[in-house]
Amino acid sequence: RVHGMSPESLAITTAESVFEQADLNGDGLLSVEEFARWYTSEPSSETANSNLSLEEAREVTRLNKYTPKQAFEMLALEADLTDGYLDKQTFFKAFKGIVQAQGGLKSRSEQERLVSVLHRLFDVFDQDGNGVVDFEEIASGLSVLCNGDTETKAQAAFDLYDYDGDGYISLSEMERYLKSVFLIMYEAHPGTRARAGGVSAEELAEITAEQVFVEADLNGDGKLSLEEFTKWYSKGSSASTVDGIAEQVPSWISLDEVRRLTKLENYPPQEAFDLLAKAANEENYLNKASFFRAFNDIVEECGGCDNDDDQDRLVLVLNKLFDLFDTDKNGVVDFQEMASGLSVLCGGTRDDKLANAFSLYDYDGDGFITLDEMTHYLSCVFKVMFQTQPSTKEKMGGVSAEALAYATAQQVFLDFDINQDGKLSFEEFKEWYTQENN
């Protein structure tokens, strides 16, 4: 028995997982080729269960290559819209066309990830589990994943909001549309719900729609014309709730809160880095799944999250920390860079931090720190500080982490490179580090 499950229950669970990974065309059947791929591969449950971000959903579905109108037309081509509904097989078939039109997927892991994402997106709207979804509702929700300039998005959004096609958007139509958008955001970005006060997608849609009408219904007739809607959509205001809620830095984020949520405050730097290093591959890189897995072990070792809100917040924080260092968006980060940045979150004595800071600065291990090494290290640290303590960037005049790192490193070498040999010995570094931390 596994976790107390009967063989029958385990078989059902395993079979469902297999189909989620291996049924690549979503037809409910496994071909010989699909079965062989699954059977001969390493288990990849992490792919199906790993956390999803809006940016990743946009990329893997290729919706970031389409305007809303283009994407909806491609979906509609595959859908039997006589009754206005879409089943899962048709939904998968439509996305197969969307992805192939952009050159397809480069690897099997991407293909598996797409299958997982599509299952999750479909299931968000199949709330009664009957295997079909309302085409207009799912199209409305997917609009948040699409590309396009403000005017293009405004027109497409208006067409989707205006469900009855009378040329105006009523309050109920706005609520219906926003509910679809927030359902996608809640699924793709777990921290969204916590930042919205824990309310449901329906409740948030109702609150937001009322605010939209206060701001945008200029003639007070209880409906929005295209002109009124475009003015509201283009100027931002509550429009930012719709398009930006998942990307904003929540007000509760602080350096101390991130230390608490990640449990790094309980570890001296070296211990934390040893735990993270176990998740890195032979080339010293971490992908997002292994990064999350490492932090799951760290958090569980410290007793786990205190409640569901903390769990949501931790997912949000880890997504943001990973994305900080995945600058080229290729899904992997350099372990040493990541460790350098995270060092600011760790606990331990001053001597612990001193020794580990020096070893992290000294990238080539020659026993000295060069100006380039210090600049590189500090840019990693400032990236984390700017993300976890947004006021830091304002205090520094809005400069980038890289610019601040360069200026700081120059000043350190000016003040502490006593023998002016262009590098810092451990003793010189210790004098600067001790003074800085005092």
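D297 sits in helix α17, one of the helices in a predicted model. Helices here are DSSP runs of H or I with at least four residues, strands are E runs of at least two, and both are numbered from the N terminus. The protein chain has 24 helices and eight strands. Residues are numbered from 1 along each chain as its sequence is written, and side-chain values use heavy atoms, leaving out hydrogens and water. Because the model is predicted, local features need pLDDT of at least 70 and side-chain atom pairs count only at pLDDT 80 or more, while totals for chains, interfaces and linings use all residues.

**The chain overall**

- Of the 438 residues in the protein chain, 47% are buried; buried means under 20% relative accessible area, exposed means over 50%, and partly exposed is in between (1.4 Å probe, protein chains only).
- The protein chain exposes about 21,300 Å², with carbon and sulfur atoms supplying 48% of it; these areas come from the Shrake-Rupley method with a 1.4 Å probe, and for residues only the protein chains shown count as cover.
- Take the contacts (heavy atoms within 4.5 Å) with a separation of 6 or more: 67% of them are between residues 24 or more positions apart.

**A negative patch**

- Back to D297: with 44% relative accessibility, D297 counts as partly exposed.
- Helices α16 (269-277) and α17 (288-301) each supply at least two residues of the patch, and α17 gives the most, with three.

**Salt bridges**

- Side chains of opposite charge can pair when their charged atoms come close.
- Ten salt bridges turn up, each being a side-chain nitrogen of Lys or Arg within 4 Å of a carboxyl oxygen of Asp or Glu.
- R108 pairs with E112, their closest N and O atoms being 3.0 Å apart.
- R108 and E112 are four residues apart in helix α7 (residues 108-125), so about one helical turn separates them.
- R108 is partly exposed at 30%, whereas E112 is buried at 7%.
- R260 and D306 meet in another salt bridge, at 3.6 Å from N to O.
- That pair links distant parts of the chain, with R260 in helix α15 (residues 255-262) and D306 in the loop between α17 and α18 (308-325), 46 residues apart.
- D323 and K288 also meet, at 3.3 Å from N to O.
- Since D323 is in helix α18 and K288 in helix α17, the pair ties together parts that are 35 residues apart in sequence.
- Shared partners join the salt bridges of E257, R260, D306 and D310 into one network.

**Positive phi angles**

- Most residues other than glycine have a negative phi.
- R62 is not a glycine, yet has a positive phi of about 65 degrees; R62 is in the loop between α4 (54-61) and α5 (68-78) and is buried at 5%.
- Q420, also a residue other than glycine, has a positive phi near 55 degrees; Q420 is in the loop between α23 (401-416) and β8 (423-424) and counts as exposed at 69%.
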